Amino acid sequence: MALSVDAQIAVPVAPAHRSEGEGRQPTPVWVLGALGVFSTAALAGACWVSGHVHADPTLQTTARFLHLAAMVVGLGAVLAVDWFAILWLLGRRRLADILNTATTLQVPIWGGLAGLLVTGLFLSPSMESKLTLTKIALVLAITLNGLYAHWLGQRLERYRDTGVPVRFLVQSGAAATVSQAGWWGACVIGFLNSQS
């Protein structure tokens, strides 16, 4: 039996209440596109600047600690959102819970990512290393995927208290997979780079 693209999955829902995301205008696609271009340029600029910054050992140690703290904040917030998503798929939370959590945790997620970018300037990354280039690619993927997830979350707002079309479930699963793979991949590469 084939599933239609617009098939709906019924998910248990609790009584509706007005929430953080309701009544807000979605972010225009051109704004998200511009943020994607800006983010890509900022990452490229950070790579260039990091090759010209020569931090002393004290500054490098401080940057390494703050880099780790930014990773904890960003990845921790992403894990919280994904945990609520798993609970929703198991029927233990409402979609509204995920959307509210994702909205609330946007600041720590983006703040953690920005913290990684800024502190990375002082860690003397080797731009000739394939691992470092892979980590930079993962950071870019995380960033662009985060903008996509923001767009997707705004589309899911209308299904807060109803069944969600399968296509949105698939897109949400793909975005979560890219996010987890990107964050954990960058974390592992950062660890490997710190050992060399």
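## The largest pocket

The lining of the largest pocket consists of 24 nonpolar, 13 polar and three charged residues. In this classification Ala, Val, Leu, Ile, Met, Phe, Trp, Tyr, Cys and Pro are nonpolar, Asp, Glu, Lys and Arg are charged, and the others, Gly among them, are polar. The model is a predicted one, in which local features need pLDDT of at least 70 and side-chain atom pairs count only at pLDDT 80 or more, while totals for chains, interfaces and linings use all residues. Residues are numbered from 1 along each chain as its sequence is written, and side-chain values use heavy atoms, with hydrogens and water left out.

The pocket holds about 990 Å³ of space. A pocket is defined on a 1 Å grid over the protein atoms alone, as an open set of points where a 1.4 Å probe fits, with protein on both sides within 12 Å along at least five of seven lines; lining residues have an atom within 4 Å of a point. Grid points are joined across faces, edges and corners, and the volume is the space filled by probe spheres set on them. Of the 40 lining residues, Val81, Ala102, Ala149, His150 and Gly153 lie nearest the centre. At least two lining residues come from each of α2 (57-89), α3 (95-104), α4 (106-120), α5 (130-156) and α6 (166-195), and α5 gives the most, with nine.

## Ala102

Ala102 belongs to helix α3. Its relative accessibility is 25%, which means that Ala102 counts as partly exposed; buried is under 20% relative accessible area, exposed over 50%, and partly exposed in between (1.4 Å probe, protein chains only). Ala102 is 20 residues from Asp82 in sequence, and their C-alpha atoms are 8.9 Å apart.

## The second largest pocket

The second largest pocket contains about 790 Å³ of space. It is lined by 30 residues, of which His67, Leu123, Lys135, Gly190 and Asn193 are the closest to its centre. Two or more lining residues are given by each of α1 (29-50), α2, α4, α5 and α6. Here α6 gives the most, with seven residues. By class, this lining has 16 nonpolar, 12 polar and two charged residues.

## Helices and core

The protein chain has six helices and two strands, in the order β-α-α-α-α-α-β-α. Helices (H or I, at least four residues) and strands (E, at least two) are DSSP runs, numbered from the N terminus. The 30 residues of α6 should span 44 Å at 1.5 Å a residue, and the 43 Å between its end C-alpha atoms agrees with this; the expected span is 1.5 Å times one less than the number of residues. Among the buried residues of α6 are Val166, Phe168, Trp183 and Ile189.

Of the 196 residues in the chain, 37% count as buried. The largest nonpolar core has 16 residues, and Met71, Leu105, Ile109, Leu113, Leu116 and Trp183 have the most contacts inside it. Such a core is a set of buried Ala, Val, Leu, Ile, Met, Phe, Trp, Tyr and Cys residues joined through side-chain atoms within 4.5 Å. The largest share of this core, six residues, comes from α2.

## Salt bridges

The whole structure has two salt bridges, each a side-chain nitrogen of Lys or Arg within 4 Å of a carboxyl oxygen of Asp or Glu. One joins Asp97 and Arg94, with the closest N and O atoms 3.3 Å apart; both residues are buried. Another joins Arg160 and Glu157 at 2.6 Å, N to O, and Arg160 and Glu157 are likewise buried.
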